[in-house]
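Dear colleague,

I am passing on the structure below, together with some notes on its helices.

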Amino acid sequence: MESIKEIYKIGKGPSSSHTMGPKKAAEMFKGLCPGASSFVVTLYGSLAATGKGHLTDVALKEALTGGSDTGIEIVWKPKEFLPQHPNGMNFKAYNAQGEMLCDKTYFSVGGGDISETGRRDAHKDVYPFSKMKDILGWCNENNSYFWEYVAKYEDPDIWDYLAERWGVMKDSIARGLDHEGVLPGGLNVRRKAYAYYQHAKSYNSSMQRRGLLFAYALAVSEENASGGTIVTAPTCGSCGVLPAVLYLFHTSYGVTENKIVNAMATAGLVGALIKENASISGAEVGCQGEVGTACAMACAAATRILGGTPPQIECAASMGMEHCLGLTCDPVCGLVQIPCIERNAIAAARAMDAAQYALMSDGSHIVPFDAVIEAMKQTGHDLPSLYKETSEGGLANLIHNKR
């Protein structure tokens, strides 16, 4: 299984698959054709269906032409799906005489990752185990926690890497709470984070903490929706869940930076397991792969911070995903706003509830984490394509038809 560093990437929203991925692919392609004068990019399937709402065209232009409309043509083919993956894109480069120099097809396979095959490319295995049951066995045998498993197999710089991303998470919350106004895209969705933050401060005890949790998740998700800088956890569309939970513990409960980073390691391990054994791509398995994974990660982090044992952490992470099974990806007008922003806030609250629930048990439960993830993968593959980031079904279809 690959490093948990691949779960936490710093980038600009609103989508890891539709913004960060295409930009990375464009940069890779441009490097192959240094003498190119113009480009034609054809987007297929989900990338074409919701690309404009996800600022895919903006990302491509930024990478290929420095943001200019000159020298680039983008062709949208939302009804055509390449067989390898729903997020396909073809690049062609031409010289000044109109002769084609390069022709390459890439696939954005989730979390900002790019593949030439539509499958996740072979990666360096950092960890010896790729199943939760085996990691639990290691923890039991060595009387250790998940973060200690991470420390054993990652490079020593993992803690600096996670600390840097924690800093970006905090910055995104601060910016999100400071910014107000209407989000771009045409839905006229107003930012709510600041208002929720102010309302929360007027409550007492548990009501206040729950309100602050909502505000923090909204802050990050609204920054993402406006194209701001965030940390994938594991994707842009689900970037508000884990930071909200961690920030609440840090600011309201006095949890130290060291414990926060340990919790990020625990959460990253859960995210990496899901990425390895199923998918974190909304276009491939629906939002259960994005917000569902983020919820499971936040469940693990919260349980770790609250002193949970590895079995209790596994129980909470299972619960986080189990109750997101079947979650569709149906963004209205292709924007990462409705229901995405609100969904991040609710998933953060669910993570706190699951952590408390797991801590009241001894961690034993009937359906293990590995089985839940396999069920998510099968459910995702059974979902019709209109419920997987095409904005042709569910809320996207109903709301769009009424507008």
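This is a predicted model: local features need pLDDT of at least 70, side-chain atom pairs count only at pLDDT 80 or more; totals for chains, interfaces and linings use all residues.

**Helix 15**

Within helix 15, the buried residues are F369, D370, V372, I373, M376 and G380. These residues lie on the same side of helix 15, because the arc they cover around the axis is only 165°. The elements that cover them include helix 4 (132–142), helix 10 (257–277), helix 11 (282–285) and helix 13 (310–322).

**Helix 10**

Helix 10, which is among the elements covering the buried residues of helix 15, is itself mostly covered, with 17 of its 21 residues buried. Its length also agrees with expectation, since 21 residues at 1.5 Å a residue should span 30 Å and the end C-alpha atoms of helix 10 are 30 Å apart.

**Helices 9 and 12**

Helix 9 (residues 241–252) packs with helix 12 (residues 291–305) at an angle of about 20°, and their axes are 8 Å apart. As angles under 35 degrees count as roughly parallel, helix 9 and helix 12 are therefore roughly parallel to each other. Their crossing is right-handed. On the side of helix 9, the contact is made by V241, L242, V245, L246 and F249, while helix 12 contributes A294, C295, M297, A298, A301, A302 and I305.

With kind regards

Conventions:
Residues are numbered from 1 along each chain as its sequence is written. Side-chain values use heavy atoms; hydrogens and water are left out. Buried means under 20% relative accessible area, exposed over 50%, partly exposed in between (1.4 Å probe, protein chains only). Helices (H or I, at least four residues) and strands (E, at least two) are DSSP runs, numbered from the N terminus. The arc is that of the directions from the helix axis to the C-beta atoms. Contact means heavy atoms within 4.5 Å. Axes are lines fitted to C-alpha atoms, for helices over the stretch in contact, and angles run from 0 to 180 degrees between N-to-C directions. Angles under 35 degrees count as roughly parallel, over 145 as roughly antiparallel, 65 to 115 as roughly perpendicular and the rest as oblique. A crossing is left-handed if the near helix is turned anticlockwise from the far one by less than a right angle, and right-handed if clockwise. The expected span of a helix is 1.5 Å times one less than its number of residues.
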